[in-house]
Amino acid sequence: MKRLTSIIIALGLTMTMQAQNRSNGYPITQVPFTAVKVTPNTFWGDRIHAAREVTIPLAFQKCEETHRYENFNMAAYTLQHPGHEGLKTPKWDVSKFMGFSFDDTDVYKTIEGASYVLQTYPDKKLTAYIDSVLDIVAAAQEPDGYLYTARTINPEHPHHWSGKKRWETEDFLSHELYNLGHMVDAACAHYQATGSDKFLNIAKRYADCVVREVGAREGQACIVPGHQIAEMALARLFVLTGEQKYLDEAKFLLDYRGKTGRRDLYSQSDKPVTEQKEAWGHAVRAGYMYAGMADVAALTGDQDYLKAIDAIYQNIVSKKYYITGGVGARHAGEAFGADYELPNLTSYNETCAAISMVYLFHRMFLLHGDAKYIDCMERTLYNGVISGMSVDGGRFFYPNPLSSDGKYAFNADNTVERQPWFGCACCPSNLCRFIPSFPGYMYAVKDRKVYVNLFAGNTATIQIGGKNVVLEQTTNYPWDGDITIKMVQNKAKDFTMMIRIPGWATGKPVPSDLYRYSDDVLPTVRCTVNGHNVNIKTEKGYLAINNKWKKGDIIQLHFDMPVRTVKANGHVADDRGRIAVERGPLVYCAEGADNAGFNIFNFLMPRQPHFTIANRQIVGKRDVTFNVTAITVDGQAVDTNDQGKVVTKDATLTMVPYYAWNHRGPGLMEVWMPQSIGALGNY
C-alpha cells in the first residue's frame, strides 16, 4: 500500500512539473493549481472547504434533480435505438424538459470544480463518482464526436434554440460551441488533477468534430460562437496536447467575429475583434472572448490582437469597472453600459462576469508582468466573485448590486436574497468550478523570477530552471497585512522573489482615475529577510529580492491596513457626493441588519470620518455563522419630524465586508455612503 501511495504521489508531482514546463505562449508562466496546496482553516482554505463539502455535492445533486444526467441517458438511448417509438411521445419533446440548450455545461463545470478540489482533498469516492458520470456523458457522444444532448435526444425535434441542423443557430442561441468550451476546460482540469484521459478523450473527439465541421473552408459551417468560451478552451487544449489544429480553430472563431451572419454589440460581433477598443454587450460573453483574445495573442504573437485587448482592458478599468471589481451595469442584456454608467441599485454585475474578469486580468499580467493587473484581479476576487456565494457554499447570487432597498428584485428569478439554485444555473455551477481553482492564481514564474501575486496560507512547489523550490506562506490576510514566506526547500539556489505590493497599500485603488482615495492616510509597507530590513523599491508594482536562498530563509511582509475612503470619478453620476469604504482588499457595505434605529440610506458620513475596527460574528439564516472584521463610524442620521422638517441625530454606522451581505435575509444595503444631504435623494 505504501508503495502504491508513493507511486501516486510521484505521478502527481511529475504531472505538476510537466504542466509548469509546458509553454502557453505567455512571457510569464502560471504555476498550476496542482502545485499549490491552500492551508485549511484559512480565508481561502475555508472557501475551498465549503466548495468541497457543500457546493460541489449540491451541484451534483442538482444535476440529478433537474434532469441533467437524464438528458445524457436519453441521448444515449436514441443513439442505441435510432427511430425508436418514444421519439413520437411528449416525453421526448426536448423543449418540454430541457430548460436551456446549455444545460449540459452544468455537468461539465461541476466535474471541473470537483477535479480542482481533488488536489486539496484527495477522495477515492469522489473520483469514482466522477468516473460514473463520465460513463453517462460518453454514452451520449455521437460516432463522429458530436456531443450536444439538446439535439441528439430527438434529432427531428431538438431544443427550440437548436435549429434544424447542426450549427444552424450557433451564432444566436444553440450554444453548441459554448458546450464544447466548458467540456474542454473541465476535461483539461480533470486530466491535470487525476492523470486520467477518460474525459480528455471525450472532449478531444468533440473538438475534432468542430475542427472538421466549423470553419471557412468549402463545406464547413462558417459561424462563430453565439456565447464565447470555446476560444479560450481550445487554446488551453492546444497547450495541453500540442496539436496545432486546436489553436487554429480558436483563432478562426475570433478572426471571423463580425464577418458572419450576426453583427451586433450584444454579442461583440458588430466589428472584427481587432477593431474593437471598448467593452460592450453581454458582460460574460465579452469577458470570455477577451480572455480568449489574450490567449491567442500570446500563442501566435498577433500584435493586432494585443493592441485590441490592451485598449479594451483600459476601457474597462477606466470607465466601466465597479469598486467591487464587478462589471455589467445593465440588467437589459446583462451588459456593459456606456462609459461611467455605473448605477448601484440597478447594477447587474453578474457573478459569471466577475469570474470572466479574473480570467482576463490574470492573462493581462501573464502578458505584461505588471502588478496592476493582479490588483484588479484581487479586487474582483475578494468582492465581486465571492459575494456571489454564501460563506457556507450553499446559497447564491446571480447579480451583485451595490445597493439594495430590500424590494428591488435583482436576482435572475426576481428575488431579493441568496437562492439555493437557479433555473439558469450558470452562476452557481461557475462558482463550483472557479473557487477550487484559486490556488492556480497565486504564483507565476519567468526565467529565474518567482512572482508572489496573492497572499493566502499555502505550500507551493515551484520549478525554476528545472529545479524544485518549495515555499510556505503563512498569513491571516485579508484580516491583517502580515505575511510570512518561508523557504522550505530550494534546489534552484539563487533567484529573484517578485513580491506584489498591492495598489491599495500604496495609495492606488485601481490603475486609472476612475476611483481615488479621498483621505490623507499614509500607510506603510515593511519587508525583512531573516530579520534584516529590505528597501521598498518596486518594479512594475513588485518588490524584487534577489538572493542565494537557503532552506529556512524567511521573508516577512507587513502592510498597514487602515480604513480608507474612496471617491469615484466625477463622471460617475450615481456616486457623486458619496464615498466608499475599504480596508485592505475588502470593500465594505452597510446593512440594515446591523443598524437598527435609523435608515442607512439617510446616514451622512462625516467629512473626516474616524473609523473603529472590531471582530464581529454574523449569525445568518440556516445556521450560517462566521466571523468578520467590522468597521464602525459616528455620523448623522437624517430624518423628518412630525412637522415635516429635516432633522438630524447622532448615529453610529456599522459596516461589514461586501461579500458578507444578505446572509441574514433581504434588507437595506449600501456601498456608496452619502457625505452631503444632496446625495440622499438618489433612492
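Predicted model: local features only at pLDDT ≥ 70, side-chain atom pairs only at ≥ 80, totals over all residues.

Analyst: Residues are numbered from 1 along each chain as its sequence is written, and side-chain values use heavy atoms, with hydrogens and water left out.

User: How many helices and strands are there in the protein chain, and what makes a run count as one?

Analyst: The protein chain has 16 helices and 24 strands. Both are DSSP runs numbered from the N terminus: a helix is H or I over at least four residues, and a strand is E over at least two.

User: Why is the protein chain called as compact as a globular protein of that length?

Analyst: The globule rule, 2.2 Å times the number of residues to the power 0.38, is set against a radius of gyration taken over C-alpha atoms. For 683 residues the rule gives 26 Å and the chain has 25 Å, which is close, so the chain is as compact as a globular protein of that length. Its C-alpha trace spans about 75 × 70 × 50 Å along the principal axes.

User: What share of the residues in the protein chain is buried, and what does the word mean?

Analyst: Buried means under 20% relative accessible area, exposed means over 50%, and partly exposed lies in between, with a 1.4 Å probe and protein chains only. Buried residues account for 61% of the 683. As for contacts, defined as heavy atoms within 4.5 Å, 70% of those between residues at least 6 apart in sequence join residues at least 24 apart.

User: How many positive and negative side chains does the protein chain have, and which residues count?

Analyst: Lys and Arg count as positive and Asp and Glu as negative, with His and the chain ends not counted. There are 72 positive and 72 negative side chains. The centres of the two sets lie 5 Å apart, the charges being placed at NZ of Lys, CZ of Arg, CG of Asp or CD of Glu.

User: How do you know that S20 and S21 pair?

Analyst: Two strands pair if DSSP finds at least two bridges between them. S20 (residues 611-619) and S21 (residues 625-640) have nine, in the antiparallel sense, and Ile613 has Ile631 as its bridge partner. The two strands form a hairpin with five residues between them, and Arg622 in the turn has a positive phi of about 55 degrees.

User: Which other strands pair with S21?

Analyst: S19 (residues 603-604) pairs with S21 over two bridges, again antiparallel, with Leu604 opposite Gln636. S22 (residues 646-657) is joined to S21 by 10 antiparallel bridges, and Ile631 has Met655 as its partner there. S21 and S22 also form a hairpin with five residues between them, where Gly644 in the turn has a positive phi of about 80 degrees.

User: What makes S2 and S12 edge strands?

Analyst: They belong to an open sheet of seven strands, ordered S2-S6-S7-S8-S15-S11-S12 with antiparallel pairing. S2 (36-38) and S12 (532-533) each pair on one side only. Within this sheet S6 (residues 458-464) and S7 (residues 467-475) share seven bridges, and Ile464 stands opposite Lys467.

User: Why is one side of S1 and of S13 left without a neighbour in the sheet?

Analyst: The six-strand open sheet runs S1-S4-S5-S9-S14-S13, with mixed pairing. S1 (29-30) and S13 (538-539) stand at its edges with a single partner strand each, so one side of each has no neighbour in the sheet.

User: Is Glu334 buried or exposed, and how is Asn530 classed?

Analyst: Glu334 has a relative accessible area of 19%, so it counts as buried. This residue lies in the loop between H13 (303-319) and H14 (351-368) and has a positive phi near 45 degrees. Asn530, at 39%, is partly exposed. It is found in the loop between S11 (525-529) and S12, with a positive phi of about 50 degrees although it is not a glycine.

User: Why is Thr78 called buried?

Analyst: Its relative accessible area is 6%, so Thr78 is buried. Thr78 is found in H3 (residues 68-80). Not counting residues up to four places away in sequence, Thr78 touches His84, Leu87, Trp92, Thr152, Ile153 and Pro155.
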